[in-house]
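Let's go through some labels and ask what stands behind each of them. Here is the model to look at.

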Amino acid sequence: MTGSSPTEMPFLEHLEELRWRLFKIALALAIGIGAAFILIFSKQIDVVAILSEPIRPFIRGKLIVTHPGDLFDIAMDAAITLGLIGASPVIVWQIWGFLSPALYQHEKKIVIPALVGAAMLFLMGMALAFQYVIPVTLAFFSSFQSDVVEIMPTVKDYMGFVISMCLAFGAVFELPVVIALLSAMGLVQPQLLAKFRRHAAVGCLVAAAIITPGSDPTSLLLLTIPLYALYEVSITLSRIITRRRDRSLTAEVA
């Protein structure tokens, strides 16, 4: 896709370019996942040890395994996740290379910051969940521990809990980017967002209840608060983007 307009390239050439870009994406994924699996298999990266950090202060022994294949499944899931992260620059670059010729100049200026912001916010959400939310949630669970009971969580259940919490927080942190893109396209107005603040607060609570695993109030509250804070940030971003958009339209008319 090298022309100034996507219509200048024949349809079959579009398909051929798409095929080669998909091939490059698949190759990058294969290399990334393969390299990650080698690092995990050779114990260069101990995934279980890293992800078990938050729960160590709350258990006396070790995490237990109830099936011989659990650790292999965790290693494969970790390899796929790390492979996706490692290959993400190639994936984004190939997608951008295919779509960018079809975008206007002002749309290109929006997409690139949005992609960078989305990646940063996703990582921030995962880091917040792993470093703060998960330890606080585990502390809440452990407060019900009795002397006649010993907590012996399985590796599979615990890893599923950690991964789901991290992914949930990473996903909800994308809210400002989504609102910013919708505002840039004129589909969302900041006045409308501000008007529905109360509804948004209830929506954040409901969304947190759906996203968080289990039914403990701690993780529910710890997700609802940043989710609503992100909604307020989204209103501010929407105002800034809408003002710039209106100024640009006024300048073009003039």
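Q: Why is Glu174 called buried?
A: Glu174 has 18% relative accessibility, and buried means under 20% relative accessible area, with exposed over 50% and partly exposed in between (1.4 Å probe, protein chains only), so Glu174 counts as buried. A note on the source: this is a predicted model, where local features need pLDDT of at least 70, side-chain atom pairs count only at pLDDT 80 or more, and totals for chains, interfaces and linings use all residues. Residues are numbered from 1 along each chain as its sequence is written, and side-chain values use heavy atoms, with hydrogens and water left out.

Q: Where is Glu174, and what is it in contact with?
A: Glu174 sits in the loop between helix 5 (155–172) and helix 6 (175–184); helices are DSSP runs of H or I, at least four residues, numbered from the N terminus. Leaving aside neighbours within four places in sequence, Glu174 is in contact (heavy atoms within 4.5 Å) with Ala118, Leu121 and Phe122.

Q: What makes Leu121 buried?
A: The value for Leu121 is 18% relative accessibility, so this residue of the model counts as buried. Leu121 belongs to helix 4 and touches Phe173, Glu174, Pro176 and Val177, not counting residues up to four places away in sequence. Leu121 and Val177 are 56 residues apart in sequence, yet 8.6 Å apart in space, C-alpha to C-alpha.

Q: How do you know that Arg21 forms a salt bridge with Glu17?
A: A salt bridge is a side-chain nitrogen of Lys or Arg within 4 Å of a carboxyl oxygen of Asp or Glu. The closest N and O atoms of Arg21 and Glu17 are 2.9 Å apart, and the pair forms a salt bridge. Both residues lie in helix 1, four residues apart, about one turn of the helix. Arg21 counts as buried at 18% relative accessibility, and Glu17 is buried too, with a relative accessible area of 10%.

Q: What makes Glu53 and Arg56 a salt bridge, and are they buried or partly exposed?
A: Their side chains meet at 3.2 Å, N to O, in a salt bridge. Glu53 is partly exposed, with a relative accessible area of 43%, and Arg56 is partly exposed at 42%.

Q: Why does the salt bridge of Glu232 and Arg197 tie together separate parts?
A: The side chains of Glu232 and Arg197 meet at 2.9 Å, N to O. Glu232 lies in helix 9 (residues 217–253) and Arg197 in helix 8 (residues 197–211), so the pair ties together parts that are 35 residues apart in sequence.

Technical notes
Helices (H or I, at least four residues) and strands (E, at least two) are DSSP runs, numbered from the N terminus.
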